[in-house]
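This report describes one structural model, from its overall form down to individual residues. Please keep the sequence and the coordinates at hand while reading.

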Amino acid sequence: MAAFKAFWNSPVGPKTTHFWGPIANWGFVAAGLVDTQKPPEMISRNMTAAMCVYSGLFMRFAWMVQPRNYLLLVCHASNESVQLYQLSRWANAQGYLEKKEPEGQH
């Protein structure tokens, strides 16, 4: 019970935005995981790239803010991974990741 009370009253506990912000942001990760089951033609390159930049910036913020917000860091690292996977699916569907043979070789 003491450990729960310590967490409850900590600077990153459920009484703070350090806790609820990351909890809400896990929705981005969940949505990205659901989207992995959709065809790559439905992926928006611009939105996916924006999510990559967003998560990259917030990973830095989570590391620099005091006290460090490890929950936010893990959340955005997870989202960055999912979004980079989605971006690779889009690039593959567009033909950007195809192996090209050098000219003259068959």
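## Basis of the values

The model is predicted, so that local features need pLDDT of at least 70 and side-chain atom pairs count only at pLDDT 80 or more, whereas totals for chains, interfaces and linings use all residues. Residues are numbered from 1 along each chain as its sequence is written, and side-chain values use heavy atoms, with hydrogens and water left out.

## Fold and overall dimensions

The chain contains four helices and zero strands, and its pattern along the sequence reads α-α-α-α. Helices (H or I, at least four residues) and strands (E, at least two) are taken as DSSP runs and numbered from the N terminus.

The radius of gyration of the chain is 19 Å, whereas a compact globule of 106 residues would have a value near 13 Å; the radius is taken over C-alpha atoms, and the globule rule is 2.2 Å times the number of residues to the power 0.38. Along the principal axes, the C-alpha trace spans about 70 × 25 × 25 Å. Of the 106 residues in the chain, 28% are buried, where buried means under 20% relative accessible area, exposed means over 50%, and partly exposed lies in between (1.4 Å probe, protein chains only).

## The largest pocket

Rolling a probe the size of a water molecule over the atoms shows where empty space is left. The largest pocket holds about 240 Å³ of space, and of the 14 residues that line this pocket, Asp35, Met47, Thr48, Gln83 and Gln86 are the closest to its centre. A pocket is an open set of points on a 1 Å grid over the protein atoms alone, where a 1.4 Å probe fits, with protein on both sides within 12 Å along at least five of seven lines, and lining residues have an atom within 4 Å of a point. Grid points are joined across faces, edges and corners, and the volume is the space filled by probe spheres set on the points.

Helix H2 (17-35), helix H3 (45-64) and helix H4 (70-94) each supply at least two residues of the lining of the largest pocket, and the largest share, four residues, comes from H2. By class, the lining consists of seven nonpolar, five polar and two charged residues; here Ala, Val, Leu, Ile, Met, Phe, Trp, Tyr, Cys and Pro count as nonpolar, Asp, Glu, Lys and Arg as charged, and the others, Gly among them, as polar.

## Aromatic contacts

The structure holds eight aromatic pairs, one of which is formed by Phe58 and Phe61, edge-to-face at 5.8 Å centre to centre with 65° between the planes. Rings of Phe, Tyr and Trp (its six-membered ring) pair if their centres lie within 6.5 Å, and planes under 30 degrees apart count as stacked, over 60 as edge-to-face and the rest as tilted. Phe58 and Phe61 are separated by about one helical turn, because they are three residues apart in helix H3. Phe58 is partly exposed, with a relative accessible area of 32%, and Phe61 is partly exposed at 43%.

The rings of Trp63 and Tyr70 are also edge-to-face, because their planes stand at 75°, with the ring centres 6.2 Å apart. Trp63 is partly exposed, with a relative accessible area of 38%, and the charged end of Arg68 sits over the ring of Trp63, 3.7 Å from its centre. A charge sits over a ring if NZ of Lys or CZ of Arg is within 6 Å of the ring centre and within 35 degrees of the ring normal. Ring pairs also link Phe28, Tyr54, Phe58 and Phe61 into a cluster.

In the loop between H3 and H4 lies Pro67, and the peptide bond from Gln66 to Pro67 is cis, with omega near -5°. The loop between H2 and H3 contains Pro39, which is partly exposed with a relative accessible area of 40%, and the C-alpha atoms of Pro39 and Gly21, 18 residues apart along the chain, are separated by 30 Å. Ile43 is found in the loop between H2 and H3 and counts as buried at 11% relative accessibility, while its C-alpha lies 28 Å from that of Trp20, 23 residues away in sequence.

Within helix H2, Thr17 is exposed with a relative accessible area of 66%, and the C-alpha atoms of Thr17 and Val34, 17 residues apart along the chain, are separated by 26 Å. Ala24 lies in helix H2 and is exposed, with a relative accessible area of 58%; Ala24 and Pro11 are 13 residues apart in sequence and 18 Å apart in space, C-alpha to C-alpha.
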